[in-house]
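Please read the numbered points with the model in view.

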Amino acid sequence: MTRPTGRVLTLLELLQSGGTRTVAELADRLGVEGRTVRRYVDQLIDLDVPVESVRGRYGGYRLASGYRLPPLMFSDDEALAVLLGLVSGRRARLTTTELTASETASAKIRRVLPKHIAHRLDTLLESLAFTDQPGEFDTPDAGVLLTVADAVRHRRPVSIRYTDRDGRRSERTLHAYGIVAHSGRWYVTGKDPEIGEDRTFRLDRIADARALPGSFEAPEGPAPAQRLLSGFATAEYRHEVTLRIHGTVEQIRARLPAGIASLEEHEPEADQDQERDQERDQERAPERWLRVELRAERLDWLPPLLASLDRPFVIERPDELRDLVIALADRLASCARRA
């Protein structure tokens, strides 16, 4: 690409960012004289790009709304963001027409990506998992995202500068297992070799990521998404809550997803006759007693949630939660008795 052609495309990119750009501003950004800017504008108009001139003290050039889209130009970060959005869209409940449009749009962008960006994007997609139906996600730094994805794929240690939720900053080494999109945020799961424990980090809190020499072996066991959800469900909080709820896994998970609570079969002590009765009951219906364990910083959100389940439940601990449920029941009963 010759330099004049490159500057014409840069001019188009500047105009696509919106608003009116003065000739002086454009000349300064392009490193040319004002009359050269006007010549570049004429070249865009010859290509049917709808550039219009704005007169007056704050005049200049801007893109007018036309009957067709002008050629689009993306930076590496912008191309990555668009493609990740399209990938997320394919996981959502799109119609057949929307799904086809998403796939063709992805193919068009990928065809014109520089090889090094296309390769890094493939690396990221191989390292990426979703825990639920994707929605709107915070966008982490593209450089950090791609560096971590490369470390996941090639099993290389990575050094990160991290700021935790309390504002403490640290630099640490991570053996990254995978990147997970969960509830509007991006996370990386892996092992901190210095303490020998699995850790989860929010990507938007990583200020810098740098690949280190060496390699590591990926462990057997749960996938990165499952590791993330298990970590959330067992994280240290103020209250440890244990419940028994009678229902199906689907009924309970509708209100207490895997990122909040863990479920397991509850098998109370019983004699042989009771066990046979329980087995027959389970054969007749999928509903059964399940033990639910979760941790929470506050308990006030749990009573209305348990009420919304509309399933029999038993509170094993803490007693404070039992008191809150009784208080909610009393308030509801009092309201119901009012004339």
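**Notes on the predicted model**

1. P157 is buried, its relative accessible area being 8% (buried means under 20% relative accessible area, exposed over 50%, and partly exposed in between, with a 1.4 Å probe and protein chains only). This proline sits in the loop between α7 (142–154) and β4 (158–163); helices (H or I, at least four residues) and strands (E, at least two) are DSSP runs, numbered from the N terminus. Leaving aside neighbours within four places in sequence, P157 is in contact with T173, L174, H175, R210, A211, L212, P213, G214, S215 and F216, where contact means heavy atoms within 4.5 Å. P157 and P193, 36 residues apart in sequence, have C-alpha atoms 9.3 Å apart in space.

2. On the basis of these values: the model is predicted, so local features need pLDDT of at least 70 and side-chain atom pairs count only at pLDDT 80 or more, whereas totals for chains, interfaces and linings use all residues. Residues are numbered from 1 along each chain as its sequence is written, and side-chain values use heavy atoms, with hydrogens and water left out.

3. The protein chain contains twelve helices and twelve strands. Of its 339 residues, 35% count as buried. Among contacts in the chain with a separation of 6 or more, 65% are between residues 24 or more positions apart.

4. T248 occupies the loop between β9 (239–247) and α9 (249–253). Is T248 buried or exposed? The residue is buried, with a relative accessible area of 11%. Apart from neighbours within four places in sequence, its contacts are with P286, E287 and L290.

5. Helices α11 (residues 302–309) and α12 (residues 319–337) pack at an angle of about 65°, and their axes are 9 Å apart (axes are lines fitted to C-alpha atoms, for helices over the stretch in contact, and angles run from 0 to 180 degrees between N-to-C directions). The angle therefore makes α11 roughly perpendicular to α12 (under 35 degrees counts as roughly parallel, over 145 as roughly antiparallel, 65 to 115 as roughly perpendicular and the rest as oblique). L302, P303, P304 and L306 of α11 meet L321, L324, V325 and L328 of α12 in this contact.

6. E33 lies in the loop between α2 (23–30) and α3 (34–46). The C-alpha atoms of E33 and V23, ten residues apart along the chain, are separated by 8.9 Å.
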